[in-house]
Amino acid sequence: MAFTKHHALAASLLVSQIAGQSGFATSDRSEDAFSFVQPAEWPILGPYGNSPEVLPSPNTTGNGGWDEAFQRAQAFVDQLTVEEKALMVTGAEGPCVGNIQPIERLGFNGLCLQDGPLSIRYADYASVFSAGVSAACTWDREILHERGMAMGKEFKGKGAHVALAPVCGALGRSGYAGRNWEGFSPDQYLTGIATAQTIMGIQDAGVQATAKHYIGNEQETQRNPTFAKNGSLTAKDQEAISSNIDDRTMHEAYLWPFANAVKANVASVMCAYQRLNGSYACQNTKAQNGLLKGELGFQGYIMSDWGAVHSGVSSMESGLDMNMPGGLGSYGFTFKDAGSYFGGNVSAAIRNGSIPESRVDDMIHRIMTPYYLFGQDKEDYPLVDPSSVPLNTNFGPRSQWDRQDWSAMVGGESSRDVRGDHSALIRKHANAATVLLKNANNTLPLKAPRSIAVFGNDAGNPTEGFYNQNNYEFGNLVVGGGSGTGRLSYLDTPLDALKRKAYEDGALLQQWLNNTLIAESDVTDLWIAPEPEVCIVMLKTWAEEADDRESLGFDWNGEAVVNSVAKACGNTVVVTHSAGINLYPFADH
């Protein structure tokens, strides 16, 4: 085949992804999907005895300008009963993704923790910002801070105290990792700068930021243990995978962005699902006590990822300060008659001497200091928007929640519109994030062509709604899968924009959005002759939490679509919306 007269151009716009509910299911993988089989001679580390023990967990001191807030946190803790102390470190079924219960007698309205890294997920009338992988492509500190500030304002407007953002782990060691799009870049320096700027933006808006997932969370496959189907809620058939990282690699790569986060005064850090050098990350004393609270001097609190707790006293001794969401079983969402690794076991451990009460006091000092630091105790801090509550389906019917009265946390106007002028910011950020990979013969920008052909299933509107899709075939890819998604309120697609411009210019625009049709057709039989002045091919690549990518190629026969079009069209532009890196075999077409 001769491709000499054709000009293939690739413009890569890296954007975000979508999320389903938190019962994330791993899809069946195709036979030709990427796989790696660990060699037989590789060591397999057990859960105990392989990671250095670092005890006790260091106490917070309020250093870094937190002194006054720390003193207020101390005064608050001094008034708590042992049972109330247990409530302060244990999540509960409630209106938000994560909830710390109110203690009304002390004027504490509770804590609302909400996803995620590009939007407040359980909300209406909220914006969906560019994903971390896109924001990093701007290489612009001002934009990174501006994006964080805008997100923080929306979280606060909806009554959230804690934003479960930003993501700096997965760092992106493997291009196949399903959550790379939530974070920024495999370059630890770039990710560190992006993480710090995002944190400062969110917290400048008065909302606590959360650096996650600490640490070594570099694949989705077997990130959690396999729980026994016929056993108890805690019985396992297989442990989670272990990320085995030596000290130098830890410091020079994976820890680097978290050091930036601590330097930016991040309020909280979320520990990861998988094991680290054998030990589960949320009970790894070296990582939590030694590195984070010790070497880096972290003053905030460590919260667990949802269901990442596998012990009580051991986790508390290892530096874990908050158990989320608080229950047992897969993702920690089983509450009714199930108990908790924390909860009542915290007060029992204090009373029987298994854990010093001073350790639990420090856990709450760390939790409450940012609360006071950002003025979240003030009367004008918004309550949780009532419209968010029914959108949160993690905890089952509200009638079955252990606590029924959340009026101290939830109230005010329902369906508050917190978007402001953020659509203009999102467009600005997306423009700055677009990466031009090739521009043969100065094809771009287009020069008012009179005949345009648009190909590819990424160009138009999604046909399955704006939230909780799976890897959908038809429609523009805006966000990926898992808890990092957002709920779009509207979408202006590339095809919409091209139609408007074509109308202004009096141009002919033809479109084919079915990849199978395009790949299997002679496209000259599809378009109205003569050959279009420009053919725009729009491809996408999906990725999601709890599932790793099968390949680095484009989804839905994307390569075949490009080849089919470029074979007949001498001026072909390829635009991609991707969750991560791709191979471009047609780049030299």
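**Exercise 1.** Determine how helix H1 (residues 67-78) and helix H11 (residues 357-373) pack.

*Solution.* Step 1: in this predicted model, the axes of H1 and H11 are 8 Å apart and form an angle of about 130°. Axes are lines fitted to C-alpha atoms, for helices over the stretch in contact, and angles run from 0 to 180 degrees between N-to-C directions. Helices (H or I, at least four residues) and strands (E, at least two) are DSSP runs, numbered from the N terminus.

Step 1: this angle makes H1 oblique to H11; angles under 35 degrees count as roughly parallel, over 145 as roughly antiparallel, 65 to 115 as roughly perpendicular and the rest as oblique.

Step 2: the crossing of H1 past H11 is right-handed, meaning that the near helix is turned clockwise from the far one by less than a right angle.

Step 3: in contact (heavy atoms within 4.5 Å) are residues including Phe70 and Phe76 of H1 and Ile364 and Met368 of H11. The contact residues comprise nine nonpolar, three polar and two charged. Ala, Val, Leu, Ile, Met, Phe, Trp, Tyr, Cys and Pro count as nonpolar, Asp, Glu, Lys and Arg as charged, and the others, Gly among them, as polar.

**Exercise 2.** Describe the packing of helix H5 (residues 188-204) with helix H7 (residues 256-263).

*Solution.* Step 1: the two axes come within 8 Å and cross at roughly 25°. H5 is therefore roughly parallel to H7.

Step 1: H5 passes H7 in a right-handed crossing.

Step 2: among the residues that meet are Tyr189 and Ile193 in H5, and Trp256 and Pro257 in H7.

**Exercise 3.** Characterise the disulfide of cysteine 96 and cysteine 112.

*Solution.* Step 1: the sulfur atoms are 2.1 Å apart, and a disulfide is a pair of cysteine sulfur atoms within 2.5 Å.

Step 1: the S-S torsion is about -105°, so this disulfide is left-handed.

Step 2: cysteine 96 lies in the loop between helix H2 (82-88) and strand E2 (98-100), and cysteine 112 in strand E3 (residues 111-114), so the pair ties together parts 16 residues apart in sequence.

**Exercise 4.** State what UniProt lists for residues 434-582.

*Solution.* Step 1: the unreviewed UniProt entry gives "domain: Glycoside hydrolase family 3 C-terminal"; such annotations may be inferred rather than shown by experiment.

Step 1: this stretch is 17% helix and 19% strand, with its end C-alpha atoms 15 Å apart.

Technical notes. Residues are numbered from 1 along each chain as its sequence is written. This is a predicted model: local features need pLDDT of at least 70, side-chain atom pairs count only at pLDDT 80 or more; totals for chains, interfaces and linings use all residues. Side-chain values use heavy atoms; hydrogens and water are left out.
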